[in-house]
Amino acid sequence: MAYQLYRNTTLGNSLQESLDELIQSQQITPQLALQVLLQFDKAINAALAQRVRNRVNFRILAPILQNEK
């Protein structure tokens, strides 16, 4: 799932560690932790889609690559 890209950020890692601690102390179930992570994925993607204005597009120029061979 492409949404999971942001789980490897500082915020995503902190969330996962906190959820793991709650699971270990039996304060939440693994299923609830998964639901929280899925909601995080959706929320972070929605926020970035609304707030990020700059986008980068990469274009590969084939003649340049052919000259390097």
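These questions and answers concern a predicted model.

Reader: Why is the pair Arg7 and Asp41 called a salt bridge?

Author: The N to O distance between their side chains is 2.5 Å. The cut-off is 4 Å, from a side-chain nitrogen of Lys or Arg to a carboxyl oxygen of Asp or Glu. The pair is within it, so the name applies.

Reader: How many salt bridges does the rule give?

Author: The count comes to one.

Reader: Which parts of the chain does the pair link?

Author: Distant ones. Arg7 lies in the segment before H1, and Asp41 sits in helix H2, residues 30-51. The two are 34 residues apart.

Reader: Why does Arg7 count as buried?

Author: Its relative accessibility is 11%. Buried means under 20%. Arg7 therefore counts as buried.

Reader: What makes Asp41 buried?

Author: Asp41 has 0% relative accessibility. The limit is under 20%, so Asp41 counts as buried too.

Reader: Which residues does Arg7 touch, leaving out those up to four places away in sequence?

Author: Gly12, Asn13, Gln16, Leu37, Leu38, Phe40 and Asp41. Contact here means heavy atoms within 4.5 Å. Asp41 is also the salt-bridge partner of Arg7.

Reader: How do you know that the span of H1 is close to the expected one?

Author: Helix H1 covers residues 10-24, 15 residues in total. From first C-alpha to last, H1 reaches 21 Å. The expected span, at 1.5 Å a residue, is 21 Å. The expectation is 1.5 Å times one less than the number of residues, so the two values can be set side by side.

Reader: What comes just after H1?

Author: Gln26, with a positive phi of about 60°.

Conventions:
Residues numbered from 1 in each chain as written. Predicted model: local features only at pLDDT ≥ 70, side-chain atom pairs only at ≥ 80, totals over all residues. Heavy atoms only, no water. Helix = DSSP H or I, 4+ residues; strand = E, 2+ residues; numbered from the N terminus. Buried < 20%, exposed > 50% of the residue type's maximum accessible area, 1.4 Å probe, protein only.
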